[in-house]
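Let's take a friendly walk through this fold, from its sheet to its core. Here is the molecule to keep in view as you read.

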Amino acid sequence: MTSRALVLFSGGQDSTTALAWALERFDAVETVGFDYGQRHRVELECRLAIREKLPRLSSLYAERLGPDHLVDLASLGAISETALTRQSEIAFAETGLPTTFVPGRNLIFLTFAAALAYRRDARHIVLGVCETDYSGYPDCRDDTIKAMQVALGLGLDRRLVLHTPLMWRDKAQTFALARRLGGQPLLDLVIADSHSCYLGDRTTRHDWGHGCGHCPACDLRAKGFAAFLSAPDDSGPSDDS
Ligand code: ZN
């Protein structure tokens with residue numbers, strides 16, 4: 001039986017690595033992205049470039065990578081007064097969360113993804129969320145994702161499995177995983193074409209990729225890459241669930 005997966009693919013480092021992970025594991029892989037008026041809209045262009053380049057890296061990727069879906073969630077941007085969707089300063093609020101936090105974003109993404117997976121007959125949903133090395137977003141936590149798996153399965157009356165291969169990996173281990181999965185060509189693609197910078201800067205190139213170099217996303221990526229260079233083995237969890 002063909003195993004089908006839908007990957008939440010934003011064009012960032014994490015979701016690009018999660019997509020490669022899914023392509024290794026499932027027979028047919030589709031991608032979904034969300035346009036919610038994010039400031040770093042350039043990631044929507046990056047995701048198309050990555051989808052175009054991935055099949056050139058491997059015949060397996062070429063065989064398994066299926067259609068892309070882009071969902072318009074402009075209403076999410078409209079109700080979210082955050083630094084990701086408005087021209088305001090990126091900082092840490094009194095709650096301890098960065099002002100880039102879009103409340104409930106992953107819950108909404110997952111609900112739309114599940115509806116799409118249902119229609120596309122995909123039992124597996126893959127997302128690159130991470131509890132280890134992130135900004136503390138509560139909708140990226142393992143418990144949140146597990147609870148969503150239960151809620152979506154019940155609400156759709158169909159078993160859905162949510163996979164989070166990066167949950168317990170830090171950024172350095174995520175770079176290492178990309179290289180383990182697809183060798184240097186995949187790592188090079190992740191560095192050159194995936195987008196992390198919250199400000200949408202793709203004019204400045206660093207050894208870890210493009211970005212302003214100062215926002216929290218750039219900071220995390222730069223530090224992760226430096227740590228990867230000093231300890232380049234994938235020492236992340238081996239179960240890869
Ligand atoms: Zn940046």
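## Contacts around Leu186

Contact here means heavy atoms within 4.5 Å. The model is predicted, and in it Leu186 touches Ala20, Leu54, Leu57, Tyr61, Ala178 and Leu181, leaving aside residues up to four places away in sequence.

## The nonpolar core

Leu186 also belongs to the largest nonpolar core, which has 64 residues; together with Leu8, Leu110 and Ile125, Leu186 touches the most other members. Helix H7 (residues 171–193) supplies the largest share of this core, with 11 residues. As a general point, nonpolar side chains tend to be buried together in soluble globular proteins.

## The sheet

Now for the strands. Five of them form an open sheet in the order E3-E2-E1-E4-E5, and their pairing is parallel. Strand E3 (65–72) and strand E5 (161–163) are at the edges with a single partner strand each, so one side of each has no neighbour in the sheet. On average, neighbouring strands are turned by 25° against each other, direction ignored.

How many bridges join strand E1 to strand E4? There are 3 bridges between E1 (residues 4–8) and E4 (residues 124–126), and the two strands run parallel. Leu6 stands opposite Ile125 in E4.

## Helices on the sheet

Helix H1 (residues 13–25) packs on the sheet and touches E1, strand E2 (28–35), E3, E4 and E5. The direction of H1 makes about 175° with that of E1.

Helix H5 (residues 105–120) lies across E1, E2, E3, E4 and E5, and H5 runs at about 155° to E1.

Technical notes. Residues are numbered from 1 along each chain as its sequence is written. This is a predicted model: local features need pLDDT of at least 70, side-chain atom pairs count only at pLDDT 80 or more; totals for chains, interfaces and linings use all residues. Side-chain values use heavy atoms; hydrogens and water are left out. Two strands pair if DSSP finds at least two bridges between them. Helices (H or I, at least four residues) and strands (E, at least two) are DSSP runs, numbered from the N terminus. Axes are lines fitted to C-alpha atoms, for helices over the stretch in contact, and angles run from 0 to 180 degrees between N-to-C directions. A nonpolar core is a set of buried Ala, Val, Leu, Ile, Met, Phe, Trp, Tyr and Cys residues joined through side-chain atoms within 4.5 Å. Buried means under 20% relative accessible area, exposed over 50%, partly exposed in between (1.4 Å probe, protein chains only).
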